[in-house]
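Here's a friendly walk through the structure shown below.

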Amino acid sequence: MRMLNLNTVFSVRHRAACLRNDVPLALQARRHYKTTYGVTYPNKVSADSSVKPISKVMVANRGEIAIRVFRACTELGIRTVAVYSEQDTQHMHRQKADESYLVGKGLQPVDAYLNYPEIIAVAKEVGVDAIHPGYGFLSERSDFAQACIDAGIRFIGPSPTVVQQMGNKVAARKIAVASDVPVIPGTDHPITSFSEAREFVEQNGFPIIFKAAFGGGGRGMRFVNKMSELEDSFNRAVSEAEKAFGNGAMFVERYLEGPRHIEVQILGDKAGNLVHLYERDCSIQRRYQKVVELAPAFNLPITLRRMLADDALRIARHVGYQNAGTVEFLLDSQGRHYFIEVNSRLQVEHTITEQITGVDLVQSQIRLAEGYLLPELGLTQERIQVNGCAIQCRVTTEDPAHDFRPDTGRIEVFRSGEGMGIRLDSASAFAGAIVSPHYDSLLVKVISHAADMPSAARKMHRALQEFRIRGVKTNIPFLMNVITDDTFLHGTITTQFIDNNPQLFKLSPSQNRAGRLLQYLAEVMVNGPSTPLPTNLKPPYAEPALPTLPPGEFTPSGWRDLLLEKGPEEFAKAIRQNEGLLITDTTMRDAHQSLLATRVRTYDLARISPFVARRLNSLFSLENWGGATFDVALRFLHECPWERLRAMRERIPNIPFQMLLRGANGVGYTSYPDNVVKRFCELACFNGMDIFRVFDSMNYLPNMQLGIEAVGEAGGVIEAAMSYTGDVSDPERVTKYDLKYYLNLADELVKMGTHILCIKDMAGLLKPQAARILVGELRERYPDMPIHVHTHDTSGAGVAAMLAAAESGADIVDAAIDSMSGMTSQPSLGAIVTSLERTKLDTGIPMQHLNEYNDYWEQTRQLYAPFECTISMKSGDSSVYKHEIPGGQYTNLHFQAHSMGLGSQFSKVKERYIEANQMFGDLVKVTPSSKVVGDMAQFMVQNNLSAQDVEDRAEELSFPQSVIDMMRGVIGYPPGGFPEPLRSKIVRDQPIIEGRPGASLEPLDCEQLKRDLIEEHGSVTDEDVMSAAMYPKVTDDYLRFFKKYGPVDKLDTPNFLMGPRIADELKVTLEPGKTLHIKPLAVGDLKEETGEREVFMELNGQLRTILVKDKEALKEMHFHPKSREGVKGSVGSPMPGDVLEVRVKVGDQVAKGDPLIVISAMKMEMVVAATVDGEVRDVAVKSGMHVEGDDLLVEIQ
């Protein structure tokens, strides 16, 4: 339907010509419209020929409504004038007007728009002949309307008398009664004191509602249902009303529960003509502010629709209403309607009435103010018809996930939803706009129009889906839930719709992956790497070349296909029936743990995975998960280890995955409740893990039994591992770890139900002759049991040891690809394969494919140059047979000694390691027991202690906590226990744990942990819960990091570690078919006032700017402290605003939920409550202070 726009094509030039020729402008415009559009108007201008054209309109308002009026004026050929506060200097409404003038200099932001003497003075000075008040601010102030008239300026709205009558809810109520329109019980005059409110309650009871007597829009409105809340609610309502309308007087009425809120749009002229433009349903409200509006009202009986319209016109006729207005009603569940108020102004939701009727309400207001009559404008009741349905959604900068907390800041990205049937009314909706804390949070009004309500809802949903707003949070996810809700689409909506439908708050938040990644890259560009780089070596900015694979090539079958088909038992039998030697490739975990500090990222592992699946399918397994990778992935690489497992499983469906499980310690460094270990194994299997190498750092069988049971119950393949130490080939060596020990240990593991028996030689102590003896004896004792041997190549004899093991009956050995092998890593995969070619143990792995695989890892290893072990370690070390330091730990200790300038003392560290091990009773040294021995060795070196010194002074020394915990039995017991009296001297009066440590632990409440994580971080997975169960703080930090910076695992390694170089373009593939093109342009100078730098980038060809705090510069600057992230007792400001009231002082005891601080922002007051029970230790703000988001308010101990 075409809007009735009187001057749509009536040009300014034609208008000027009419004025020069003394032809009445309005008459010429009307004739022009008639000849152009065929609309018939009477030739007579008006009944008394008193039309006075308006040539210049000021809008005494801001934001989208000011722009809406400017557009209407421009179409009518009328010049426009804006006023703006100091805070709105950069606001769009100022730029949309022909002229704009500053008002309210030195005043508070809202007060500037309430300062009507200055506004009128500016209007007179610049020749304004009419003022449009918009909505809010001065729009319902009768004194303002009168002041305009007194100054000789037309007020585009009702007469001052009507504004006064309608703006006073008590007076309006009396008019309704006089007009024979039903009303709700309430006060018959405005009240200003709490005693009056209490008196009303005593007479009428609860529930009640406070309403601002001189304004609307939900400001100054409070529902109260308890006497204990009455005074505080009254004070808050008065305070809000004073700020919004300049008058805090209240109207009190009984609260009607669960009504519909229906309003009728009316227009009136000076001759007494009145029309209605049908009704709008505004029932979807929150805190008495409308969220979604519909026109016409859905499921409204036709008789009731007529009654509402008739009553609205009856009230308007009673007061001689002129111009636009809205009469509002509540409908109870019986269909009875009650008058509540008249808004003597344009409403925010006027747009949907315009859409269904085709009437431009703003232009109609202006024409009525000029003196036109409704019939002259073609606005007679019979001509006003409803065409279809329209819906308006108010997109605000509020966070529905946090009680609609207002958000402020700069809009980094703005992309709107548009298209057929969509209208957008906005002001600050553009990239770069600053959302101020001083005004309403409305960002853009989205209006959909279609033939019927379901169609309009579908258009609205599509438009909301298209929006991309970054930099500030919005309520769009909530609006989308409303628009698709079944009750909204098919039921009857009441004002309790939001409260009664908690599913509306099950939000699907925007991913904003691109924006978060840009923030990360900018952060690294300004502040350096996010993960500590231990050396000054830098990775090359080059992506390793991948071996070529034909597109669409079929993935051949592998050992996993057999496992999935037959199950673990038959899988184990098939291993024994295999003729050649099987290989587990450790490149993807243990190799880089030993050589590159476990820093290899999922990005580089996933890239080579398709090649492994297609060309190395004969591998027995890939050791790619568990152990230190779990901790490091979360802590340093900022990526999810579970996602790594899923990503690799998707790309390698045919080769079994293998992991390290530290028995009762899971993938952590301490004991956990039994249900945690079992749940971990379930989730690992579910996400793609197959073989679990179960071990214990002391070969403590009770710990191993729990792990074995957990894997068996989860359906995984059990590979029970004997951690090897000592030397079974040396008959003269006195040790408890002799051949008999290992054979007895193997007996117990076989009884526990292992599918595969493993020798885990974590330090590389298994000499070739020892391998022959131990493997030979095990093979003879267990001819049907698969044997798997793992070693490290620290001594350089790893290949020889593995060949000896294979010749003695081992079925599987561990090896790493050549470029990732040797020293503290595993033996060379290529060397083992070539050594066995054309023998009965031939592995069947083509060397050509291994060479291609090796080329990739040779290039990839260079990307991790900052973590390269060869910086300090140039060769293997045969003295490992003496000190017995495990491979990965040897690398770490060696690097630490050199980085601290103690490289020359590393031999002393090794000596002390030997002594510490003997003091503890000769341990099997593997994580976490090896870490304890290492901690003790470093403690001895740092304090210049010998073993004798430690034993002599044990009662007075402050031992490392890890040593104390081990001696208490926290990680289990070695064969023969810990030596006395040293143990007692170290433990002192701390409790001893007898038996398996985890046996005494209460089961973890995983559901409660999940609820806690959801409360803290929003949506989490079961895998996140399990990560938090084992690494609480590390997981918490990771989830915070991910929320802020997004999927950084999608970045290539040089850009992740070092950040991008200026002008280099990088591509980031988020998922198949979604690729970001990012190009850094520049890093700006330091902003002295904020300590920030602006980073300029292009994202998919569009300019983006990111503000980053310069951490180095901030050390020299002073700002208000921020609340401590993750500390519940550290209470920060939920939004920028002004502190109105401080309700606590230092030393006060508070309970969770008690009010602490009252903050005002966006014309709304918010009470900040205590987050925990405790004592107030610090109050960081005072009344009147301005605070930014997350500024510290109160610290609670």
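Start at the hairpin of β12 and β13, where 5 residues sit between the strands and G335 takes a positive phi near 85 degrees. The model is a predicted one, so local features need pLDDT of at least 70 and side-chain atom pairs count only at pLDDT 80 or more, while totals for chains, interfaces and linings use all residues. Residues are numbered from 1 along each chain as its sequence is written, and side-chain values use heavy atoms, with hydrogens and water left out.

Strand β12 covers residues 323-331 and pairs with β13 in the antiparallel sense, over 6 bridges. (Strands are DSSP runs of E with at least two residues, helices are runs of H or I with at least four, and both are numbered from the N terminus; two strands pair if DSSP finds at least two bridges between them.) Look for E328, whose bridge partner in β13 is E341. Strand β13 (residues 337-343) is largely enclosed by the rest of the structure, because 7 of its 7 residues are buried. Buried means under 20% relative accessible area, exposed means over 50%, and partly exposed is in between, using a 1.4 Å probe and protein chains only.

Next, hop over to a pair of annotated residues. An unreviewed UniProt entry lists R662 and T927 under "binding site". They're spread over 266 residues of sequence, yet they cluster in space, with a largest C-alpha distance of 8.2 Å. UniProt positions are given here in the numbering of this model, with feature names shortened, and annotations may be inferred rather than shown by experiment.

R662 lies in the loop between β25 (657-661) and α25 (674-686). With a relative accessible area of 4%, R662 is buried. Leaving out residues up to four places away in sequence, R662 touches several others, including G627, F695, T927 and Y1031; contact here means heavy atoms within 4.5 Å. A polar atom of the R662 side chain also lies 3.2 Å from the backbone oxygen of V667.

And T927? You'll find T927 in the loop between α34 (906-919) and α35 (929-942). T927 counts as partly exposed, at 25% relative accessibility. Again setting aside residues up to four places away in sequence, T927 touches R662, Y669, F695 and S697.

Last stop: T602, in helix α22 (residues 602-615). T602 is buried, with a relative accessible area of 7%. T602 and T1053 are 451 residues apart in sequence, but 9.6 Å apart in space, C-alpha to C-alpha.

Terms used:
Polar contact = N/O pair within 3.5 Å; in protein donor to acceptor, adjacent residues only side chain to side chain.
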